[in-house]
Amino acid sequence: MIQLENIDFGYSKKRLLFENLTLELSRGHIYGLLGKNGAGKTTLLKLISGLRFIQNGSATVLNENPALRKPQMLQEISFLPEELYTPALKVNDFVRAYAPFYPNFSHEQFQNYLTVFEHPDPKLKIDKMSSGEKKKVLIAFALACNSKILIMDEPTNALDIPSKAMFRKVMASVATEERIVIISTHQVRDLHSLIDSIIILDSGKIILNESAEKITEKLTFEALEDTANATDILYEEDSVRGKSVVRENTTQKETKLDIELLFNAVMLNKAKIQQLFNPKK
């Protein structure tokens, strides 16, 4: 459904952010897009949704060139940005203005999501709400669009702890075999139970793009009291239980994926981990 092949993009003609970047995303997955600040995460999301245009290579989204911004493509993409645009409209007026652009929008679902998030008086204008309340409205709207592609950039920022729990519950219910969900986040612990595939972007390059299942086949995530005699350690950090470590899985051991540990391990040991997942390269 989403295919970028050998694309180039830069904000300056003298310096490319992406060069020969290739990425393919399939329906039925919730992708976690991870990277340091400035790695290119938001730009990549904008290229996919037609808000930025590639300079070389090819891009196909829902069988369309996203740069053409055809209505049949745009109506199937819901994009929740990190920086929220909040018009001076009441909630119902906001929905009345923007819902017609999405033919599968469900007013009933929208109201249900607001109820789940315990949103306050819908008569209040959105621009007068707190950051968390604004985020709840826009999350509810994005979900109610029932689009084939759902893109969220830092969706849990500004949400309180109960709202984050409800967000995870709601997202688990909307994931279907027909939908692609892409979540760019630094708050990986908020989304551990949701994400089933990990994309790690670093300096404009994709250095990992694997399913959670494949990752735990190749790596283990463990807590050890002492690492003096441990082998195949790719990354370790202090924890309340001693050492949290990422190791090469040489014994087919089953462990639970720790996304934060994985990210730190990849950043520290890129070449070794890339070799594990792409032995021919």
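This is a predicted model: local features need pLDDT of at least 70, side-chain atom pairs count only at pLDDT 80 or more; totals for chains, interfaces and linings use all residues.
Student: How many salt bridges does a search of the whole structure find?

Tutor: The search finds 11 salt bridges. One of them joins the side chains of Arg27 and Glu178, with N and O 2.8 Å apart.

Student: Where do Arg27 and Glu178 lie?

Tutor: Both are in loops: Arg27 in the one between β2 (18-25) and β3 (29-34), Glu178 in the one between α6 (161-174) and β7 (180-184). The pair therefore ties together parts that are 151 residues apart in sequence.

Student: Why can side chains pair at all?

Tutor: Side chains of opposite charge can pair when their charged atoms come close.

Student: What does Asp93 form a salt bridge with?

Tutor: Asp93 pairs with Arg96, and the closest N and O atoms are 2.5 Å apart. Both residues sit in helix α3 (residues 91-98). They are three residues apart, about one turn of the helix.

Student: And is Arg96 buried or exposed?

Tutor: Arg96 is exposed, with 55% relative accessibility. Asp93 is partly exposed, at 30%.

Student: What about Lys214, which side chain does it meet?

Tutor: Lys214 meets Glu210 in a salt bridge, at 3.9 Å from N to O. Lys214 is partly exposed at 26%, while Glu210 is buried at 15%. Elsewhere, salt bridges that share partners join Glu222, Arg247 and Lys253 into one network.

Student: Changing topic. How many residues of helix α8 are buried?

Tutor: Seven of the 10 residues in α8 (residues 259-268) are buried, so the helix is largely enclosed by the rest of the structure.

Student: Which ones are buried?

Tutor: The buried residues of α8 are Ile259, Leu261, Leu262, Phe263, Ala265, Val266 and Met267.

Student: What caps the N-terminal end of α8?

Tutor: Asp258 does. One of its side-chain oxygens lies 3.2 Å from the backbone nitrogen of Glu260.

Student: On to holes. How much space lies in the largest pocket?

Tutor: The largest pocket holds about 700 Å³ of space.

Student: How many residues line that largest pocket, and which lie nearest its centre?

Tutor: The lining has 21 residues, and those nearest the centre are Phe79, Pro81, Tyr98, Tyr102 and Phe141. The elements that give two or more residues to this lining are α2 (71-74), β5 (77-80), α3 and α5 (131-144). β5 has the largest share, with four residues.

Student: What classes of residue are in the lining of the largest pocket?

Tutor: By class, that lining has 17 nonpolar, three polar and one charged residues.

Student: How many cavities of 30 Å³ or more are there?

Tutor: The search of the whole structure finds two cavities of that kind.

Student: Which residues line the largest cavity?

Tutor: Its lining is made of Leu47, Arg52, Phe53, Ile54, Ala59, Asn65, Pro66 and Ala67. By class, six are nonpolar, one is polar and one is charged.

Student: And which residues line the second largest cavity?

Tutor: They are Leu23, Leu25, Leu33, Leu44, Leu45, Ile48, Ile182 and Ile199. By class, this lining has eight nonpolar, no polar and no charged residues.

Student: Which element gives the most to the lining of the second largest cavity?

Tutor: α1 gives the most, with three residues. β2 and α1 (41-49) each supply at least two.

Student: Back to Ala59. Where is it found?

Tutor: Ala59 is in strand β4 (residues 56-61). Ala59 is buried, with a relative accessible area of 10%, and it is one of the residues that line the largest cavity.

Student: What does Ala59 touch, not counting residues up to four places away in sequence?

Tutor: On that count, Ala59 touches Gln3, Leu4, Ile54, Glu64, Asn65 and Pro66. Ala59 and Leu4 are 55 residues apart in sequence, yet their C-alpha atoms are 4.5 Å apart in space.

Conventions
Residues are numbered from 1 along each chain as its sequence is written. Side-chain values use heavy atoms; hydrogens and water are left out. A salt bridge is a side-chain nitrogen of Lys or Arg within 4 Å of a carboxyl oxygen of Asp or Glu. Buried means under 20% relative accessible area, exposed over 50%, partly exposed in between (1.4 Å probe, protein chains only). A polar contact is a pair of N or O atoms within 3.5 Å; within protein, one must be able to donate a hydrogen and the other to accept it, and residues adjacent in sequence count only if both atoms are side-chain atoms. On a 1 Å grid over the protein atoms alone, a cavity is a set of points where a 1.4 Å probe fits but cannot get out, and a pocket is an open set with protein on both sides within 12 Å along at least five of seven lines; lining residues have an atom within 4 Å of a point. Grid points are joined across faces, edges and corners, and a volume is the space filled by probe spheres set on the points. Ala, Val, Leu, Ile, Met, Phe, Trp, Tyr, Cys and Pro count as nonpolar, Asp, Glu, Lys and Arg as charged, and the others, Gly among them, as polar. Contact means heavy atoms within 4.5 Å.
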